[in-house]
Structures are given as C-alpha cells and as structure tokens.
Amino acid sequence: MQGVAIYPGSFDPITLGHVDIIERGLKVFDHIIVAIAVNTSKVAAFSDVDRLHMIEESFAHDRRVSVVSFQGLLVDFARQQEAVAVLRGLRAASDFEYEFQMAAMNRRLNPDLETVFMTSRSTHTFISSTLIREVSAMRGDVSEFVPEVVLKYIAKRYA
Ligand code: ADP
C-alpha cells in the first residue's frame, strides 16, 4: 500500500507501544500523520503543545512522520489531508469492541477512508498511556516504556 495514513489518538503521553505501531505502519505507508485529538471529552494530563512536542522529538530523525493537532471529525480531517487510511493499534481483545464500532462509524461517514489495524508487539501489549501516567504520578520508573525524550516532560509534569 502507498500514500498517507493518519494515526489518531490522545498520545497523553506517547509510549513505545505507539512508536512501534508508527514504525511498522511506515512499512506499509509512505507517510504517517500522527494526529492528536484535542477536543475529546477526555481531560489530558499533558498540554496539547507538550503532547505535540513529545511526538515531534521522538521522530525528529524521520521525515516520513509529521505531527499535527486536530479538532472535529477525524473523517473530515483525513479528507483534508488526502489520507487513504486511518491507522490504529490493537493490544488485546478488549480494544476490539470500541475500535470495531469506531471503524464502522467512520466508514459510514466516509466510505473512501479505510481503517487499518496493526497488532501490538507482544512485549508492548501491556503499555498504555493511562498506566504510564499512574506509575509516573507515584514516582515509578517508566523509562522502559516511553521514548527517552518523553522522560523530561514526565519529570516536569509530576515534579
Ligand atoms: P485513544 O485515546 O484514541 O485510544 P491512544 O493515544 O490511547 O488514543 O492510542 C492511539 C492508538 O494507539 C489506538 O489505536 C490504541 O489502540 C493504540 N495503542 C496504544 N497503546 C498501544 C500499544 N501499547 N500497542 C499497540 N497499540 C497501542
């Protein structure tokens, strides 16, 4: 497959699970736009700007990855960006129900946009942004689970 894929999410913060999906996505797509959803009902722990910078710094070496924030409907944003697909990661069966519903809804909203799922590497299945925040808040060491550049943002946020 070729073309641009959008990888949407909260990335609050980006983890090595996300990095793995992006790196594997680049074997299939020419370019990946990591799209940070900024107007969801979720209250983020990290600011929109920090979430953007953490991803940009994690992929500073790779021009095939760009990072943007977006508001509104993903299908509209994907159309503007001329993306052929939405990329999502699946960690476990528990991710499936929600992902399946969202893919079905997005297909109704824009039949031209495909959703492509990549399964998590077995060593990354347990990594989630939620757990990273919980462990960080209790001063646990998360250096094995996030890109190195993220650690300074975590130190600042949970100082
Ligand atoms: P959202 O808030 O939309 O679920 P996330 O930032 O939590 O966004 O995740 C974005 C995407 O990355 C989702 O498709 C999610 O399933 C996937 N993902 C998150 N963590 C991992 C992981 N450890 N391995 C593989 N995919 C993951």
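Predicted model: local features only at pLDDT ≥ 70, side-chain atom pairs only at ≥ 80, totals over all residues.
**Exercise 1.** Find the residues that come nearest to the ligand, and sort the shell around the ligand by class.

*Solution.* Start with the count: 17 residues stand around the ligand. Among these, Tyr7, Ser10, Lys42, Gly89 and Ile127 come nearest. Next, sort the shell by class: 5 residues are nonpolar, 7 are polar and 5 are charged. Finally, look at the elements that each give two or more residues to this shell: they are β1 (4-9), α1 (16-25), β4 (85-90) and α4 (93-109).

**Exercise 2.** Which atoms of Phe11, Ser120 and His124 lie 2.9 Å from an atom of the ligand?

*Solution.* Take the residues one by one. For Phe11, a backbone N or O atom lies 2.9 Å from an oxygen atom of the ligand. For Ser120, a polar side-chain atom is 2.9 Å from a ligand nitrogen atom. For His124, the backbone provides an N or O atom 2.9 Å from a nitrogen atom of the ligand. Now step back to the ligand as a whole: on its own it has 550 Å² of accessible area, and the protein covers 90% of that.

**Exercise 3.** Describe the largest pocket and its lining.

*Solution.* Then give its volume, about 1,100 Å³. Its lining has 45 residues, with Pro8, Gly9, Ser10, Lys42 and Arg88 nearest the centre. By class, the lining holds 20 nonpolar, 17 polar and 8 charged residues. Last, look for the main contributor: α4 gives the largest share of the lining, 9 residues.

Key: Residues numbered from 1 in each chain as written. Heavy atoms only, no water. Near = heavy atom within 4 Å. Polar contact = N/O pair within 3.5 Å; in protein donor to acceptor, adjacent residues only side chain to side chain. Areas by Shrake-Rupley, 256 points an atom, 1.4 Å probe, with all protein chains shown as cover. Helix = DSSP H or I, 4+ residues; strand = E, 2+ residues; numbered from the N terminus. Nonpolar A, V, L, I, M, F, W, Y, C, P; charged D, E, K, R; others polar. 1 Å grid on protein atoms, 1.4 Å probe; cavity = no way out; pocket = protein on both sides within 12 Å on 5 of 7 lines; lining within 4 Å. Points joined across faces, edges and corners; volume = space filled by probe spheres on them.
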